[in-house]
There are 2 protein chains.
Amino acid sequence: MSKVTPISGFPEFLPADRIVELRFLDSIRETFELHGFASLETRAVEPVERLSNQGEDADKEIYGVRRLAAGPDDDGPGLGLHFDLTVPFARYVLEHAGKLAFPFRRYQVQKVWRGERPQEGRYREFTQADIDVVDSGELPNHYEVELPLVIADALRKLPVPEFVIKVNNRKIPEGFYRGLGLDDVTTVLRIVDKIDKIGPDKVVERLVESGASDKQARLAVQLADISSTDTSFVEQVRALGVEHEILDEGLEQLSQVMAAAAEHAPGLLMADLRIARGLDYYTGAVYEIYLVGQESFGSVGGGGRYDALASDGKTTYPGVGISIGVSRLVHRLVSQGLVKGSRSTPTAVLIALTAEEDRAEAMRTAAALRARGIPVEVAPAAAKFGKQIKFADRRGIPFVWFSNTADGPLKDSVKDIRSGDQVPADPATWTPPQHDVRPSIETPQENS
Amino acid sequence: MSKVTPISGFPEFLPADRIVELRFLDSIRETFELHGFASLETRAVEPVERLSNQGEDADKEIYGVRRLAAGPDDDGPGLGLHFDLTVPFARYVLEHAGKLAFPFRRYQVQKVWRGERPQEGRYREFTQADIDVVDSGELPNHYEVELPLVIADALRKLPVPEFVIKVNNRKIPEGFYRGLGLDDVTTVLRIVDKIDKIGPDKVVERLVESGASDKQARLAVQLADISSTDTSFVEQVRALGVEHEILDEGLEQLSQVMAAAAEHAPGLLMADLRIARGLDYYTGAVYEIYLVGQESFGSVGGGGRYDALASDGKTTYPGVGISIGVSRLVHRLVSQGLVKGSRSTPTAVLIALTAEEDRAEAMRTAAALRARGIPVEVAPAAAKFGKQIKFADRRGIPFVWFSNTADGPLKDSVKDIRSGDQVPADPATWTPPQHDVRPSIETPQENS
């Protein structure tokens with residue numbers, strides 16, 4: 001039992017890096033709330049049958065959960081850990097529809113679990129931050145523009161490199177494939193989705209294996225090559241000469257999204273007809289967020305519109321949502337040295353102790369500072385000044401508080417251990433500079 | 001797939017109740033950070049062998065986790081969901097000891113999973129908020145006083161009824177049982193721990209079944225009946241006439257805790273020699289938090305000192321920690337009608353829309369308000385004023401913003417839909433009253 005080894009795919013932060021993640025999560029949450037999204041959490045488990053059949057990869061990734069002490073028939077239907085926050089949210093909406101007001105805007109920040117092969121930036125457990133809008137019956141198209149704007153607002157408030165949100169509409173490939181005479185849309189989409197991994201030639205090959213003609217296969221690949229930062233993608237698609245009413249619908253809807261986004265956030269969205277998303281439940285707009293120049297790292301978020309995921313047979317609750325892969329993003333930035341926590345603890349002031357019998361007095365000093373919002377801890381043990389300063393320094397605690405009764409009445413003073421400056425101080429009034437009160441995110445490249 | 005049924009023991013909040021939980025979590029976190037505890041999260045899974053053998057009940061409660069697509073030998077050692085945050089934290093300390101500064105103070109707010117029989121206030125998934133201090137080698141005793149003071153500080157900032165922290169020291173029953181000649185301390189402790197469920201007579205019966213004499217059994221039960229709000233428990237124990245050096249140590253340590261707590265927080269702690277805690281890893285102080293007058297509901301938090309949980313054979317990292325059962329507490333208070341969210345959304349202002357073509361303008365108004373920290377959403381569709389007010393009212397959104405260009409230049413105004421007051425307003429300067437900016441916790445009994 002003494003051996004401790006990491007579990008591949010289940011990363012954990014050290015305290016200073018966790019401070020970075022926490023600041024990211026706080027900032028993201030603040031933006032989501034400013035846009036009127038209500039917080040929700042759903043349980044970690046869903047019936048396996050609800051998690052299954054959402055996509056080829058998703059099925060392979062499910063973690064089953066079962067009480068170790070359960071008998072063979074003890075636990076009812078099988079349970080699994082959720083692999084995203086959309087499927088559980090859709091279930092939540094169905095379960096609580098009578099008590100929700102539609103359209104319903106919610107954000108959800110939780111862990112998800114995917115049993116995929118661990119590799120850089122691919123984790124088996126990670127934190128996602130999702131926003132979704134779900135309506136009852138019909139969902140207005142303008143949410144397909146609003147949601148990427150909210151996500152962009154959230155990311156722009158963070159020390160994140162330049163990013164782009166690539167957008168497609170599932171109806172474009174669907175209509176295009178149908179117009180070509182390829183009616184097994186799901187299969188074609190799954191093969192074309194592998195284009196970045198296996199290259200266009202292999203995609204053509206596999207499409208032909210699955211029953212497409214060479215010409216059909218090549219046109220499907222050509223469609224995936226189209227992108228534009230404006231609405232000119234429409235002409236490029238038209239030039240391929242394929243016609244279908246679902247294609248027309250998709251082109252029309254994606255044009256609206258691109259036009260509206262150009263008005264509110266020029267350059268934010270790029271129409272990219274290669275974007276597919278691995279999950280089968282998307283029916284309209286689909287999004288993937290990339291760091292510019294780091295596309296090979298994969299997306300740091302994504303989402304789309306799902307018209308039929310939440311349906312009880314009578315009422316359907318169509319929705320659109322986008323997720324930020326927070327763990328993935330923070331681990332990436334931390335490992336690149338782009339961000340780090342300014343210290344490893346919230347503590348701004350260490351109260352030094354020269355004798356254990358002064359602890360009660362030190363605790364009162366600490367309480368006075370805390371009452372004014374200053375994070376404080378009292379030294380773990382009485383020790384010489386040098387040792388106390390070393391203790392603070394190791395954690396990045398900027399200030400050490402000394403109480404000295406040696407020469408008459410109590411004299412309090414506080415030392416900035418970075419500069420060495422020591423000044424008399426009163427626990428009822430002294431305040432550190434605002435930027436020292438809480439740990440913050442440092443972006444080392446800006447200081448160099 | 002259309003049928004949606006709740007899963008027993010996995011409760012979820014509606015949006016307004018989630019706001020209560022979130023405010024509780026924010027406040028608890030703020031207190032923990034003011035006391036210098038650093039945030040951490042650990043992965044949800046641990047090797048089953050690390051989770052097992054921590055206590056009779058804990059073993060029965062473990063949820064195993066396994067990739068559904070895994071072959072029989074595919075997944076290496078068995079994994080389970082953590083049932084508390086102490087065992088994972090001890091493992092984290094061992095794994096990262098070289099990168100941590102000791103004594104290490106951390107807080108951790110995460111879900112835990114326990115496969116116990118669901119009943120009121122007993123969940124299979126719930127959120128805990130823990131603080132722990134772990135040191136390398138030796139842990140000073142003063143942390144056994146500091147931690148309950150921090151927890152009390154956290155709870156006192158919340159709309160929580162009067163509570164008491166009952167405290168014992170594991171060395172007292174251990175030394176007492178040994179002094180009596182009962183050397184299978186774990187078994188005796190587990191039987192005596194059932195006293196509230198099965199009553200003292202049954203406890204005596206079971207102790208006798210396990211090999212104790214009637215006299216030994218009765219003395220063990222008498223020990224569990226001792227309590228005091230000061231250090232007078234020592235005399236009561238002495239009166240039972242049992243002697244053992246471990247008992248002396250336990251009485252001395254608990255006396256120190258009670259004396260120090262009396263100085264800083266009179267009335268907060270009660271020495272109660274019945275407190276055992278179900279987990280085997282505690283070695284010193286043990287705590288249980290109860291709502292006064294609601295003891296039958298069970299504890300809303302607890303913890304203790306563990307000297308040997310984190311040990312790699314060479315170095316031992318003794319710790320002490322206390323946990324608040326946040327879900328348990330919030331569900332209780334919500335179900336009693338003691339707290340509720342002031343609205344079901346963060347939105348403070350709804351921007352009304354009379355025509356869809358005004359959406360871009362409405363989005364700019366919304367952005368101007370958000371830039372000053374006011375949560376805003378734009379109406380989902382153009383509609384008459386009455387419908388927009390109804391939309392806001394259903395969610396508890398206090399203000400509706402109108403833009404009217406009918407009679408010349410743009411006129412903005414904002415209506416408090418509770419009072420009906422409508423005033424001209426400029427999106428660059430208008431601000432709602434501070435208490436309306438964010439949703440808050442209402443305590444209905446105080447208003448009646």
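Helices (H or I, at least four residues) and strands (E, at least two) are taken as DSSP runs, numbered from the N terminus. By that convention, Arg114(A) sits in the loop between β5 (104-113) and β6 (125-134) of chain A. The model is predicted.

**Relation of the two chains**

- Six strands form an open sheet in the order β2(A)-β4(A)-β3(A)-β3(B)-β4(B)-β2(B), and the pairing is antiparallel.
- At the edges stand β2 (45-47) of chain A and β2 (45-47) of chain B, each of which pairs on one side only.
- On average, and with direction ignored, neighbouring strands of this sheet are turned by 45° against each other.
- Between the chains, strand β3 (residues 63-67) of chain A pairs with strand β3 (residues 63-67) of chain B in the antiparallel sense, over five bridges.
- Within this pairing, Arg67(A) stands opposite Tyr63(B) of β3(B).
- Strands of a sheet pair through backbone hydrogen bonds, in either a parallel or an antiparallel manner.

**Annotated positions in chain A**

- An unreviewed UniProt entry carries the annotation "binding site" for Asp84(A), Leu85(A), Thr86(A), Arg114(A), Gln128(A), Asp132(A), Arg277(A), Tyr281(A) and Tyr282(A).
- Thr86(A) belongs to helix α4 (residues 86-96) of chain A.
- Thr86(A) counts as buried because its relative accessibility is 6%, under the 20% cut-off.
- Beyond four places in sequence, Thr86(A) touches Asp130(A), Asp132(A), Tyr281(A), Tyr306(A) and Leu309(A); Asp132(A) and Tyr281(A) are also among the annotated positions.
- Arg114(A), with a relative accessibility of 17%, counts as buried too.
- With residues up to four places away in sequence left out, Arg114(A) touches Glu61(A), Tyr63(A), Phe83(A), Asp84(A), Tyr123(A), Arg124(A), Phe126(A) and Gln128(A).
- A polar atom of the Arg114(A) side chain lies 2.8 Å from the backbone oxygen of Phe83(A).

**Nine-stranded sheet of chain B**

- Chain B has an open sheet of nine strands with mixed pairing, in the order β1-β5-β6-β12-β11-β10-β7-β9-β8.
- The edge strands β1 (38-39) and β8 (227-228) of chain B each have a single partner strand, so one side of each lacks a neighbour in the sheet.
- Strand β5 (residues 104-113) and strand β6 (residues 125-134) of chain B pair in the antiparallel sense over 10 bridges.
- Gln108(B) has Asp130(B) in β6(B) as its bridge partner.

**Helices on that sheet**

- Helix α5 (residues 143-156) of chain B packs on the sheet and touches β5, β6, β7 (163-169), β9 (269-272), β10 (285-291), β11 (301-306) and β12 (319-325) of chain B.
- The direction of α5 makes about 20° with that of β12(B).
- α12(B) also packs on the sheet, where it touches β6, β10 and β12 of chain B, and its direction makes about 25° with that of β12(B).
- His331(B) lies in this helix, α12 (residues 326-335) of chain B, and counts as buried at 15% relative accessibility.
- Apart from neighbours within four places in sequence, His331(B) contacts Pro11(B), Phe13(B) and Tyr123(B).

Definitions and conventions:
Residues are numbered from 1 along each chain as its sequence is written. Chains are lettered from A and ligands numbered from 1 in the order in which they are written. This is a predicted model: local features need pLDDT of at least 70, side-chain atom pairs count only at pLDDT 80 or more; totals for chains, interfaces and linings use all residues. Side-chain values use heavy atoms; hydrogens and water are left out. UniProt positions are given in the numbering used here, feature names are shortened, and annotations may be inferred rather than shown by experiment. Buried means under 20% relative accessible area, exposed over 50%, partly exposed in between (1.4 Å probe, protein chains only). Contact means heavy atoms within 4.5 Å. A polar contact is a pair of N or O atoms within 3.5 Å; within protein, one must be able to donate a hydrogen and the other to accept it, and residues adjacent in sequence count only if both atoms are side-chain atoms. Two strands pair if DSSP finds at least two bridges between them. Axes are lines fitted to C-alpha atoms, for helices over the stretch in contact, and angles run from 0 to 180 degrees between N-to-C directions.
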